[in-house]
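Subject: Structure handover

Hello,

Please find the structure below, with notes on what was found in it.

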Amino acid sequence: MRNTSSWTFDAIPDQSGRLVVVTGANSGIGYVTARELARRGARVVLACRDPERGQAALARMKEEAPGAELELRRVDLASLASIREFAAGWDLGRLDLLVNNAGISMVPYAVTEDGFESQVAVNHLGPFALTGLLLPHLLAAPDPRVVAVTSLAQRYARFDLDNLNAERSYSPMFTYAVAKRATLYFALELQRRADAAGLRLRSMAAAPKLTRSNILTGGPHAAKGRLYRTLAPLVVRFAFRPTPEGAQTSLYAATVPDLPGGGYVVADGPMQAYGSPTLRTRDPAIDDTDTARRLWEVSERLTGVTYESVMRRA
């Protein structure tokens, strides 16, 4: 592994000429990722679910990154119709970088309009569909890259493809771990398929360290009981790291020039919860190619989005 103990945002190379989409860019790690890429010259599309929150984030980012090329577009990763509308409306030509950052965590059981459990939908099936539909634009770029933001929680997944949508049982915590394991499987399998097709696409995965964001306190969590709403912000404040630190792994995966495709970027500190970005070469998901392949086939069937024909034409 490379020594990255001193890696900071200052090491991000010039991003001029790159066109970037960051999902969930209105807050947390996604906001910092989008802002830092824009500060270094990238043209960044903030792909957000809530237009009002997206507009507020866009205005703040323009103040923090004067002169940056920024725009807001709506996409709801819980809706295949919204994802298809976003992709069909893409009119900016080639896409150099897609950061699949948006996610939800440990929410009460809910089913999307497409019939998917919400955590699996937003964290895996939505990004799977979005990436596939944007693939022609990615493959038109000279050095395209896709970054999938997973989680340290994926290590604790009880992965059962026959219960992917939690049809038989639901646990907010373990279903989240399954969804984020699926995110990692997707990133690794996308690279294997790109390599097999002779494509120059680089697919990366990144797991943030424990990070202060609204993933445990915002959205559906607002409806939880008073005890949760009191304790969760305290835990996040005292045990988790500031949001910019959490975005390091995503930005490292998105910008370091010589990273190999299929890399998995984590923090190099205790339990991968703290420290600086590094490439991880050993993880159960990295070697489990059979489950990754089967998950890919299930994901294509559930979303109706296939990659093979696009890869063959490229």
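Arg-73 is buried, at a relative accessible area of 17%; buried means under 20% relative accessible area, exposed means over 50%, and partly exposed lies in between (1.4 Å probe, protein chains only). Its side chain meets that of Glu-71 in a salt bridge, 2.8 Å from N to O. A salt bridge here is a side-chain nitrogen of Lys or Arg within 4 Å of a carboxyl oxygen of Asp or Glu.

Before going further, note that this is a predicted model, in which local features need pLDDT of at least 70 and side-chain atom pairs count only at pLDDT 80 or more, while totals for chains, interfaces and linings use all residues. Residues are numbered from 1 along each chain as its sequence is written, and side-chain values use heavy atoms, with hydrogens and water left out.

Overall make-up

The protein has 11 helices and 8 strands. Helices (H or I, at least four residues) and strands (E, at least two) are DSSP runs, numbered from the N terminus. Of the 314 residues in the protein, 57% are buried. Among contacts (heavy atoms within 4.5 Å) with a separation of 6 or more, 76% are between residues 24 or more positions apart. The accessible surface is about 13300 Å², and 52% of this surface belongs to carbon and sulfur atoms; the areas come from the Shrake-Rupley method with a 1.4 Å probe, and for residues only the protein chains shown count as cover.

Salt bridges

How many salt bridges does a search of the whole structure find? The search gives 19. One of them joins the side chains of Arg-193 and Glu-189, at 2.8 Å from N to O. These two residues are 4 apart in helix 5, so about one helical turn separates them. Glu-189 is buried at 6%, whereas Arg-193 is partly exposed at 26%.

Another salt bridge pairs Arg-294 with Asp-290, at 3.2 Å from N to O. Both residues lie in helix 10 (residues 289–303), 4 residues apart, about one turn of the helix. Arg-294 is partly exposed at 35% relative accessibility, and Asp-290 is partly exposed at 39%.

There is also a network of salt bridges, which links Arg-35, Glu-36, Arg-39, Arg-40, Arg-60 and Glu-64.

Cavity and pocket

Rolling a probe the size of a water molecule over the atoms shows where empty space is left. On a 1 Å grid over the protein atoms alone, a cavity is a set of points where a 1.4 Å probe fits but cannot get out; a pocket is an open set with protein on both sides within 12 Å along at least five of seven lines; lining residues have an atom within 4 Å of a point. Grid points are joined across faces, edges and corners, and a volume is the space filled by probe spheres set on the points.

The count comes to 1 cavity of 30 Å³ or more. The largest cavity holds about 50 Å³ of space. Helix 4 (118–139), strand 5 (145–149) and helix 5 (172–196) each give two or more residues to its lining. Helix 4 gives the largest share, 4 residues. By class, the lining has 6 nonpolar, 4 polar and 1 charged residues; Ala, Val, Leu, Ile, Met, Phe, Trp, Tyr, Cys and Pro count as nonpolar, Asp, Glu, Lys and Arg as charged, and the others, Gly among them, as polar.

The second largest pocket holds about 200 Å³ of space. Its lining includes Arg-158, Asp-160 and Phe-174.

Regards
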